[in-house]
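Me: I am new to this structure and would like to learn how to read its features one by one. Could you walk me through them?

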Amino acid sequence: MMDWNPWHGCRKISEGCLNCTVFGRNERYRGDGTRVETTKDFHLPVMRRKNMVFKLVSLDNPIYVCLTSDFFIEDADKWRDYAWNIFRYRKDLQFRIITKRVERIEQCLPKNWGPGYMNVTLVCSCENQKRTDERVPILLDLPFQRKEILHEPMLESIEIERYLESGEIAAVTCGGEYGKDVRICKYDWILHTREQCLKHNVEFRFKQTGSKFIKNKRMYRIERNLQESQAQKANIDFVPEKEDDGTTPFDSPLLQCSKSPYRSSLRLSQEEIAYYEKRGFDGIRREAFDIIRANIAPAYIKNDGRQTPDSGHPIYVSQHATASCCRKCIQKHHQIPSGRKMTETEVNYIVDLNMEWLKRYFFHGGNGFKRIKEPY
Ligand code: SF4
């Protein structure tokens, strides 16, 4: 599991916080777990190694944000805009925010939030029925692309059917409490949540047993390092069948291009990476439209075949990699005839193809052809 903890410290707000390990960890290291401070990892998602590849790279798994605090705690209001900008900038990563402070979210969203950034999942943590009934109705009304419920530590059997019925909840995760003097978790509670998820075709995950786990009226004390594997052994996770298998229109053309030794050998220079970083995904996309409209889309191109330089702009490189550098290549690899002006739909396709290659390139640390698997 990968995480990004831009700030440390929290305050307990409900029953689930009683034995919060974050709090204990902070007390151990700094003496006061309630003092909220930025960490040395504050800038981690935008930091790069010497070879210019991001330090924070995740192939298939999401990045958990603020596991040593609550992302929406008041003390962090002054830093949160920076974090929103990071989410926008690192579109190649999937971020998951777990919070108990859902009532603060609406006032904390950035101006450009709209229906929610595609790469941000909100996970509402609710440990018992009372907190579930307080928090989940708020969660349902919030604009997020993906919303989940987390019962961890699960403190009792919880009814969530009326919330699952809304179709707004994508997944539910359950787990026990871990530590020394912790509360019990019953397998029956976990199974009851699973039943509700199955009934409404919602993804379900049993994450870990906790330290005191009761199954068939018998209590098991389970070591921390075995709690996840014991939960996995129960083999009760449920993933609904997807109507969409996650393929994109670019998978097939990119796979074909990857077979060319020339195209698959292309790499961005440090200057091109720095330029991409400076302009951001949206800025590069706008420039891609300009380049494609000027050099590729016209009906007649005097120097067709030689109009795209080998380097100097990330899009020039991606054009060669994706066989969209001239109309001859486009006709051959993408079945768009030359000799006529490209339609807006065709221009959009070529731009999106290039942006997809760049997105994969940064996601996979230099391989623009490998598919990005769904992280869930
Ligand atoms: S809100 Fe979360 S991080 Fe904060 S004290 Fe409670 S359990 Fe710990």
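Me: Where is Cys 66 found?
Reply: Helices (H or I, at least four residues) and strands (E, at least two) are DSSP runs, numbered from the N terminus. Cys 66 is found in the loop that lies between strand S4 (63–65) and helix H2 (77–89). Although Cys 66 is not a glycine, its phi is positive, about 60°. Keep in mind that this is a predicted model: local features need pLDDT of at least 70, side-chain atom pairs count only at pLDDT 80 or more, and totals for chains, interfaces and linings use all residues. Residues are numbered from 1 along each chain as its sequence is written.

Me: Which residues does a cis peptide bond join?
Reply: Here the bond joins Glu 152 and Pro 153, with omega about 0°. Pro 153 is found in a loop too, between strand S7 (146–151) and helix H5 (161–164).

Me: Now the sheets, please. In what order do the strands of the 7-stranded open sheet come?
Reply: Two strands pair if DSSP finds at least two bridges between them. In this sheet the order is S1-S4-S5-S6-S7-S8-S10, and the pairing is parallel. Strand S1 (2–4) and strand S10 (203–208) are the edge strands, each pairing on one side only. On average, neighbouring strands of this sheet are turned by 25° against each other, direction ignored. Such angles run from 0 to 180 degrees between N-to-C directions, and axes are lines fitted to C-alpha atoms, for helices over the stretch in contact.

Me: How many bridges pair strand S5 with strand S6?
Reply: Strand S5 (residues 95–99) and strand S6 (residues 120–125) pair over 5 bridges in the parallel sense. Within this pair, Ile 97 stands opposite Leu 122 in S6.

Me: What is the order of the open sheet of 3 strands?
Reply: That order is S9-S11-S12, with mixed pairing. Strand S9 (185–186) and strand S12 (218–221) stand at the edges with a single partner strand each, so one side of each is left without a neighbour in the sheet. Strand S11 (residues 212–215) runs antiparallel to S12, and 4 bridges join them. Lys 212 has Arg 221 in S12 as its bridge partner. S11 and S12 form a hairpin with 2 residues between them, and Asn 216 in the turn has a positive phi of about 50°.

Me: How do I read a helix crossing, and at what angle do H10 and H13 cross?
Reply: Angles under 35 degrees count as roughly parallel, over 145 as roughly antiparallel, 65 to 115 as roughly perpendicular and the rest as oblique. The axes of helix H10 (residues 270–295) and helix H13 (residues 344–363) come within 10 Å and cross at roughly 135°. That angle makes H10 oblique to H13. On the H10 side the contact includes Ile 284, Ala 288 and Phe 289, and on the H13 side it includes Val 347, Ile 350 and Leu 358. Two residues are in contact if their C-beta atoms, placed from the backbone, lie within 7 Å. The residues of this contact divide into 9 nonpolar, 1 polar and 2 charged. For these classes, Ala, Val, Leu, Ile, Met, Phe, Trp, Tyr, Cys and Pro count as nonpolar, Asp, Glu, Lys and Arg as charged, and the others, Gly among them, as polar.

Me: What about helix H11: how does H10 stand to H11?
Reply: The axes of H10 and helix H11 (residues 314–321) come within 9 Å and cross at roughly 65°. This makes H10 roughly perpendicular to H11. Among the residues that meet are Tyr 275 and Tyr 276 in H10, and Pro 314 and Ile 315 in H11. By class, the contact of H10 with H11 has 8 nonpolar, no polar and 2 charged residues.

Me: At what angle do H11 and H13 cross?
Reply: Their axes come within 9 Å and cross at roughly 100°. H11 is therefore roughly perpendicular to H13. Pro 314 and Ser 318 are among the H11 residues in this contact, and Trp 357 is one of those in H13. The residues of the contact of H11 with H13 divide into 5 nonpolar, 3 polar and no charged.

Me: Finally, which domains is the protein divided into?
Reply: Domain bounds come from an automatic or database domain assignment. Here that gives domain 1 (2–234) and domain 2 (251–363). Taken over C-alpha atoms, the centres of domain 1 and domain 2 are separated by 39 Å. Their contact takes 4 residues from domain 1 and 7 residues from domain 2.
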